[in-house]
Amino acid sequence: MLPLPSRILASLAVSTALFTVPALAEIPNSLNLNGTTGLIDMPSGEAQEDARFSYSLAVAGPITRATISFQFTERLSGSFRFQTWRNWNELDPIAPEKLTDKSFDIRYLLLKESRYLPALTIGMNDFTGRGLYSSEYVAATKSFGDRLKVTAGLGWGRLGSYGGIGAPFGDRPPLDPSDYGTPNTEQWFRGDAAPFAGIEYRINDNWTFKGEYSSDAYVMEEDRGLIERDSPFNFGFEYQRGPMARYGIYSLHGSEIGFAFHLTLDPKTRATGGVMGAAPTPVKARPSRTADPGAYDGGWVTQPDAGPVLRQNLAKRLAKDGIIIENLSYTAQTVQIRIRNGRIDAGPQAIGRTARALSHVMPASVEVFEIVPIVNGIGASKVTIRRSDLEQLEFAADNATLLRQKVILSDAGPLAANAVGDDGLYPKFRWGLRPAFRLSEPLKGDVGVRLGASYDIRPGLVLSGSVYKRLFGNVDRSGEYSDSDLPHVRSDSSRYTKFADPGIEKLTLAWYARPAENLYSRVTLGYLERMHAGISGELLWKPVDSRLALGVELNYTRQRDTDGGLGFDEYDYDVVTGHVSAYYEFGNGFIGQLDVGRYLAGDYGATVSVDRVFANGWRVGAFATVTDVSPEEFGEGGFDKGIRFSIPLNWALGSEGGTSLGATLRPALGDGGARVDVDGRIYNTIREYHGTALDTEWGRVWR
């Protein structure tokens, strides 16, 4: 005989399958109160679509959860959660008013749903934290038509605390405080296992009913008097508003009411459906040589005013796209134009607009267009396009692919000796006052204003700085000293937040150069970030058509005063740091990075990171740093780890340029494994105009 929950679910599945109902619209697989794919409190066996990014905010009685999740691949997803238990001192007046915790989850889709088999997922919640929500599970979900989904699973840890059926893999040892922040491997899938189950029924395109049998006994919350768990059954309704927003209201444990809001974003697709901007000018075709042989006469190169006139005419055409001409050089058959793209967010589109302008301005004898994008005053690459290919392929089917097959991508090379520059470009002063947002946790951040300015002295030599003023927020501003045993290179951040308001974020002089073919260099001097000043030097080897890049960085820094001015810390802490780095593009937007060297606290170790970068500017990644600092010295968190993301505002607005909103989220900000946060590191600035990145969005070359 099946237990009662299983009999109820089986009966619902059979009876629902007997009815023929109209098809429903496609919507993302739903999320639970934890912000991961699931029912209400329990997980399910499904996964989100590849690359889905979600933010969830849930209130379950006295518990608030804010979660950011990302589907790294079709099968692998990760989550970062910030959780608060209110009224923590309900039964203990000397306890803090609330308890907070940060945790990571990971889950892997073992089996995709098929005609006869369910989707099957294995997952772990809070697998490197303090164990307050540690649990592991295996969950299976099967769809019956497009309305009913049935889930059943087995949980351990918190998800094995009610209705256990035994401990198939042995007892679950307690978590020692010294292990907080490190992977609690000895606990994984240990202890009592307990079954859970649930259903999800789509009433229509907007409304969904959920019901589940929960295997979480909420022991900690009951012991603290926070909730009364009267029932293992949870029920709720969810409302889907469009493809991105979902709201839920639930009856929990027979005693509590819960609410949830989920925002699901697709980095692969722009929220506005496309990029808004001026339509491109068509390619201007040349007359045939037989019809007008004089047009192909190269004698025009001897005219003394040819360069300035061509440059002026090109500048007028490119100005509407925010493209600035750095230099122009030419022969009768070839023109090289070095451009600075100030607005368009896709390198191929800027290249395409430049090629069109050249077809209108350059004499007919010029057959080869060499377009060199300039980043921080240095050439990132050279894109060579035959003019006849532009003329022949503009209206061809799949013209972007055909053009890419004919384009040659190579090293930018040195500036031609006969290049025509513009004396009005340098020196150049720019400034701006803009709103600014600092996010430190899913529910904590600051809103302020940032005054920034830069002075381009000459190509590759830039003086820049910024001042930040906080307007409001809820980040830690206690101003208390950290109790870290290491030099306080990061753990006194609350003092900088409190006393450096307003404060100078940075004030630097940066020099970018090309020492040799495939080599790029950077030297930055001054107040590098809000906590450290000094000098930073970097050298990067990166061929334009290579997936691999190698770099080395060396820094000497002194710790700044907490008042955000030009002074230095009273302890006069200084340190020499440096790293050897390797970067590799795995394809599909995945970039791996390994950094080995010395960190700000004087510790030695390595950082491994993986980021997924999308053609429209989205970037989501995870990292972990292990050094010779012990978990006890590092403090809560054990070692440095976290997730980071950057969302371009033009993704939502549909504009051609703009700034990004991003953050790095950690379970704890310790002093171990910290690097100086210097702007303008080379790899990410030049990669946009190298092979893999250009190919990703090459389709925009004709837009």
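Leu-402 counts as partly exposed, because its relative accessibility is 31%, where buried means under 20% relative accessible area, exposed over 50% and partly exposed in between, with a 1.4 Å probe and protein chains only. The residue belongs to helix α6, which covers residues 399-406; helices are DSSP runs of H or I of at least four residues, strands are runs of E of at least two, and both are numbered from the N terminus. When neighbours within four places in sequence are left aside, Leu-402 is in contact with Leu-393, Ala-396 and Ala-397, contact being defined as heavy atoms within 4.5 Å. Between Leu-402 and Asp-389 the C-alpha to C-alpha distance is 9.1 Å, with 13 residues separating the two in sequence.

The model is predicted, so local features need pLDDT of at least 70 and side-chain atom pairs count only at pLDDT 80 or more, while totals for chains, interfaces and linings use all residues. Residues are numbered from 1 along each chain as its sequence is written, and side-chain values use heavy atoms, with hydrogens and water left out.

Taken as a whole, the chain holds eleven helices and 31 strands. Its radius of gyration, taken over C-alpha atoms, is 29 Å, close to the 27 Å that the globule rule gives for 703 residues, so the chain is as compact as a globular protein of that length; the rule itself is 2.2 Å times the number of residues to the power 0.38. Along the principal axes, the C-alpha atoms fill a box of roughly 95 × 70 × 40 Å. Of the 703 residues, 53% count as buried, and among contacts between residues at least 6 apart in sequence, 58% join residues at least 24 apart. The chain exposes about 30700 Å², of which carbon and sulfur atoms supply 58%, as computed by the Shrake-Rupley method with a 1.4 Å probe.

In soluble globular proteins, nonpolar side chains tend to be buried together.

| Site | Feature | Angle |
|---|---|---|
| Tyr-426 to Pro-427 | cis peptide bond | omega near -10° |
| Asp-501 to Pro-502 | cis peptide bond | omega near 0° |
| Asp-398 | positive phi, residue other than glycine | phi near 55° |
| Asn-588 | positive phi, residue other than glycine | phi near 55° |

Pro-427 lies in the loop between β18 (408-410) and β19 (428-441), and Pro-502 in the loop between α7 (493-499) and β22 (503-513). Asp-398 is found in the loop between α5 (387-393) and α6, the helix that holds Leu-402. Asn-588 occupies the loop between β26 (574-587) and β27 (590-598) and counts as exposed, because its relative accessibility is 57%.
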